[in-house]
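Subject: Structure for you to look at

Hello,

Here is the structure I promised you. Please open it alongside this email and follow the notes below.

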Amino acid sequence: MAGGGGFVGEGGGRSYEGGVTIFVLFTCMAAAMGGLLFGYDLGISGGVTSMESFLSKFFPSVFHKMKNESADQNQYCKFDSELLTLFTSCLYIAALVASFFASSVTRKFGRKISMFVAGLVFLIGSVLNGVANNIVLLIIGRLLLGIGVGFANQSVPVYLAEMAPTKIRGALNMGFQMAITIGILVAGLVNFGTAKIKGGYGWRVSLALAAVPSLILTVAAIFLPDTPNSILERGHPEKAKKMLKKIRGTDDVDEEFQDLLDATEVAKRVENQWSNITQPRYRPQLVICLLVPFFQQLTGINVIMFYAPVLFMTLGFGNEASLMSTVITGSVNVVATLVSICTVDRFGRRALFLQGGVQMLICQIAVGVMIGMKFGVSGEGAFSKGEANWILFLICAYVAAFAWSWGPLGWLVPSEICPLEIRSAGQAINVSVNMLFTFIIAQVFLNMLCHMKFGLFFFFAGFVVIMTIFITFFLPETKNVPIEEMNRVWKAHWFWGKYIPDDAVTHGRQDRAV
């Protein structure tokens with residue numbers, strides 16, 4: 001549509017002029033590398049904590065329990081150790097705290113500064129973990145990794161949502177989740193290789209190699225441009241408009257730029273975004289930013305991801321077989337995320353959420369039934385090769401369902417629904433809730449497995465039912481809706497519409513409607 005500025009898109013909002021440029025694709029791909037930090041750590045932790053040399057050095061009680069091969073050993077409780085879970089989970093409490101600081105940095109200094117801080121701090125933590133010779137230094141390194149993850153997870157999804165053209169915003173934003181899945185897969189391959197290193201230092205290599213994704217993000221952040229939204233928010237309108245023209249590949253950006261100006265003017269009137277987000281007019285955004293990350297963690301996915309080797313060993317897989325099984329599930333994760341990238345802007349967010357929920361539910365119930373029938377409540381038993389293969393298949397199907405639904409959409413939806421004046425606060429809430437429940441589940445999973453046994457899978461399946469019902473009734477479709485036009489979607493919703501005042505939809509439109 002030549003010369004018109006903007007027009008109504010099929011998603012209920014307006015589309016803007018301009019296309020998909022090589023420049024914006026490159027910048028979004030580079031920024032998405034921030035997901036490698038989170039993904040590599042998710043994948044590396046479980047593998048390292050199943051290595052005998054690591055356990056014998058830092059967690060000797062777990063090592064001795066693991067080496068106990070008596071026939072009447074309770075398989076459910078073999079790895080139950082509060083100190084071991086603290087090693088894994090302390091990262092996430094650090095990320096939770098860091099996300100609130102990252103929110104202010106992201107808003108005041110720009111998205112790319114937060115990404116630079118994320119990469120640099122994660123790099124330092126990687127080095128400390130690689131050279132650690134005692135549990136204290138190991139935990140300090142993990143805390144620094146957590147700070148890096150908090151800053152990256154706060155800034156990268158917002159950066160991608162603001163840079164991407166509306167019609168492919170879902171696909172580009174999912175580059176973050178794609179990087180997470182690649183990080184998990186690479187970590188699995190690294191663990192599989194380092195576990196074979198003679199001399200007992202393979203775990204050091206695994207942990208130290210986390211420096212690679214952190215270096216990639218640090219260097220990328222130096223050269224990446226900031227988003228037009230962020231530049232405008234910091235008071236540089238001409239520079240912001242120039243950047244908007246560059247990323248859209250056209251000089252006809254007046255309509256979109258005016259929307260950004262309107263949003264910035266509203267944002268400037270907000271003195272405190274934290275008190276502002278609690279106002280009734282932002283109720284749908286607040287609820288979604290709270291519940292989506294909460295539900296994402298209650299799918300049980302991180303139980304599979306960072307405890308996969310331990311879980312597979314508990315189910316009777318050997319050490320090498322358990323690490324290989326982790327590589328297989330990691331590969332499925334990557335492929336399924338590609339499916340999501342190709343379909344999210346075609347079929348929409350809701351369709352993927354709902355289909356993924358049903359598939360996860362079926363797989364979790366099936367896994368719980370199989371484990372219950374084999375191990376019962378005593379925890380004694382072992383899978384045959386055929387049964388182990390079925391468990392692996394069901395877990396892969398579960399991982400695939402998550403990877404094209406709650407995995408990427410858990411980051412995409414909260415990052416695209418918040419207006420500029422509460423965007424940093426909304427994303428900080430999203431990250432902090434995500435990290436809080438990642439921490440809680442990481443901290444209690446091995447203990448829950450010990451006490452709830454196969455019922456643990458039914459526990460998570462119950463939450464999948466609840467979250468699927470929530471999506472059905474309370475999440476409107478947001479595909480093809482410009483990020484600054486999202487209030488139109490909420491206003492039209494059967495439940496959320498009562499919270500959205502008319503001026504939130506009509507603001508900034510009246511002059512141009514004349």
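Arginine 111 has a relative accessible area of 1%, so arginine 111 is buried. Buried means under 20% relative accessible area, exposed means over 50%, and partly exposed is in between (1.4 Å probe, protein chains only).

A word on the source. This is a predicted model, where local features need pLDDT of at least 70 and side-chain atom pairs count only at pLDDT 80 or more, while totals for chains, interfaces and linings use all residues. Residues are numbered from 1 along each chain as its sequence is written, and side-chain values use heavy atoms, with hydrogens and water left out.

Which residue does arginine 111 form a salt bridge with? The partner is glutamate 162, and the closest N and O atoms are 2.7 Å apart. A salt bridge is a side-chain nitrogen of Lys or Arg within 4 Å of a carboxyl oxygen of Asp or Glu. This pair links distant parts of the chain: arginine 111 sits in helix 6 (residues 111-131) and glutamate 162 in helix 7 (residues 135-163), 51 residues apart. Helices (H or I, at least four residues) and strands (E, at least two) are DSSP runs, numbered from the N terminus. Glutamate 162 has 3% relative accessibility, so glutamate 162 counts as buried.

Glutamate 162 also forms a salt bridge with arginine 423, with the closest N and O atoms 2.8 Å apart. Arginine 423 lies in helix 22 (residues 420-452) and glutamate 162 in helix 7, so this pair ties together parts that are 261 residues apart in sequence. Arginine 423 has 1% relative accessibility and therefore counts as buried.

Now follow arginine 423 onward. Its side chain meets that of glutamate 484 in a salt bridge (3.0 Å, N to O). Glutamate 484 lies in the loop between helix 23 (455-474) and helix 24 (487-492), so its pairing with arginine 423 of helix 22 ties together parts 61 residues apart in sequence. Both arginine 423 and glutamate 484 are buried. Salt bridges that share partners join Arg107, Arg111, Glu162, Glu233, Arg423 and Glu484 into one network. The structure holds 16 salt bridges.

Next, helix packing. Two packed helices are described by the angle between their axes and the distance between the axes. Axes are lines fitted to C-alpha atoms, for helices over the stretch in contact, and angles run from 0 to 180 degrees between N-to-C directions.

Helix 22 and helix 23 pack at an angle of about 130°, with axes 8 Å apart. They are therefore oblique to each other. (Under 35 degrees is roughly parallel, over 145 roughly antiparallel, 65 to 115 roughly perpendicular, and the rest oblique.) Helix 22 brings Ile441, Phe445, Met448, Leu449 and Met452 to the contact, and helix 23 brings Gly455, Leu456, Phe459 and Phe460. Contact means heavy atoms within 4.5 Å. These residues divide into eight nonpolar, one polar and no charged. Ala, Val, Leu, Ile, Met, Phe, Trp, Tyr, Cys and Pro count as nonpolar, Asp, Glu, Lys and Arg as charged, and the others, Gly among them, as polar.

Last, the whole chain. The protein chain has 26 helices and two strands. Of its 514 residues, 62% are buried.

Best wishes
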